[in-house]
Amino acid sequence: MKLEALVNPSVLTQPVYEPGKPIEDVARELGLDPATIIKLASNENPFGPSPRAKAAAIRALDQGELYPDGGCVRLRARLAQTHGLDANQFVVGNGSNELIELLGHVFLRPGDEVVMGNPAFAVYKLVTLLFGAKPVEVPLVDHKHDLAALAAAVTRRTKLIFVPSPNNPTGTANTEAELLAFVRGLPEHVVFVFDEAYAEFLDNPPDLRPLIREGRKVVCLRTFSKIYGLASLRVGYGYASPELASLLNRVRQPFNVNALGQAAALAALDDGEFVEKCRRENRAGLTQLESGLQALGLETVPSVANFLLVKVGDGARVFADLQKQGVIVRPMRPYGMPEWLRFTVGTPTQNERLLATLTGVLRR
Ligand SMILES: *Cc1c(COP(=O)(O)O)cnc(C)c1O
């Protein structure tokens, strides 16, 4: 009997996520010194983690033989304080990617529909397909989520709606007022997932807690991978009503979040100064990139996140040529935008190097 005959059919047709290439792989393939390569491909924090978070993770290794706190008790208590909610309204995951999968475990069955924008974060569609549900993709308008069109795409079969704001890969955001009105207009059988991976880069991130207090079916997702610079440790969290949070907690693995990640996340929350510095630097870096790209006559999408889309023409060629010179960025072909690249905002020096290398590449 063929192995394939035994496999869940959704697995056989499951598309593969294409991550940004690690520096070591690019160095090996192109014969470059890893130390000379810069990676501006995955919206990571170019300033690394807060030194306090790093120290806390190293300290946690002293008890590396022990299982982590499976309930993330301290971290959830700290998050509750930060957000003015109860600890039982939180679920912590192995990155917010895991939480997206947990939402699938809790809510999705074959035949269900999941409404999402296009282009938006690729993982929503992957998880939808994995559970045999149907992605209903709604085109963005001016690179922004069109909430009216998303609402119009809801049917009796819709279970989940995903909206990331700021959106990845476009860097655009929806306002608090339009989000509140949109969610209040949704039917009772739909769960709204608000992905706030880049919320900390905004001055005033939309506050959807009133919706949770009103008893609406809303889950907000956050991550320590972006402004907190802890992508390698895999910590994300969701907050919702206690009922919804407890469903998500029911389907996760008992020790889904490692102890180093928990310790680092706790310490990161105590270093508000570092977050503030990163927010400031990011804003300056965005301006630096935007004006440099404008000077090259390139179209960009105005971004409020830590990355931006730029239209370069032959995206595959420019991507490959940049990479040959040790600058890794993200091609947008997998998102159906083959003429575009996504640049993560780096340090001022990295941004300068990106702009200079791009100038050379485009001249050829
Ligand atoms: C980066 C990102 C995430 C975070 O993923 P983690 O699993 O927490 O590293 C979630 N949503 C969006 C839109 C992202 O861009």
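**Exercise 1.** Of the 13 residues around the ligand, which come nearest?

*Solution.* The model is predicted, with local features requiring pLDDT of at least 70 and side-chain atom pairs pLDDT 80 or more, while totals for chains, interfaces and linings use all residues. Residues are numbered from 1 along each chain as its sequence is written, and side-chain values use heavy atoms, without hydrogens and water. The nearest residues are Asn97, Tyr198, Thr223, Ser225 and Lys226, where a residue counts as near if one of its heavy atoms lies within 4 Å of the molecule. By class, the shell holds four nonpolar, six polar (Gly is counted here) and three charged (Asp, Glu, Lys and Arg) residues.

**Exercise 2.** Identify the polar side-chain contacts of the ligand and state how far the protein covers it.

*Solution.* A polar contact here is a pair of N or O atoms within 3.5 Å. Step one: for oxygen atoms of the ligand, a polar side-chain atom of Asn97 lies at 2.6 Å, and an N or O atom in the side chain of Lys226 at 3.2 Å. Step two: a nitrogen atom of the ligand is 2.6 Å from a side-chain N or O atom of Asp195. Step three: the protein covers 94% of the 390 Å² of accessible area (Shrake-Rupley method, 1.4 Å probe) that the ligand has on its own.

**Exercise 3.** Describe the domain arrangement of the chain.

*Solution.* The domain assignment, which is automatic or from a database, gives domain 1 (3–48 + 272–363) and domain 2 (51–268). Their centres, taken over C-alpha atoms, are 23 Å apart. Contact (heavy atoms within 4.5 Å) links 29 residues of domain 1 with 29 residues of domain 2.

Notes
A polar contact is a pair of N or O atoms within 3.5 Å; within protein, one must be able to donate a hydrogen and the other to accept it, and residues adjacent in sequence count only if both atoms are side-chain atoms.
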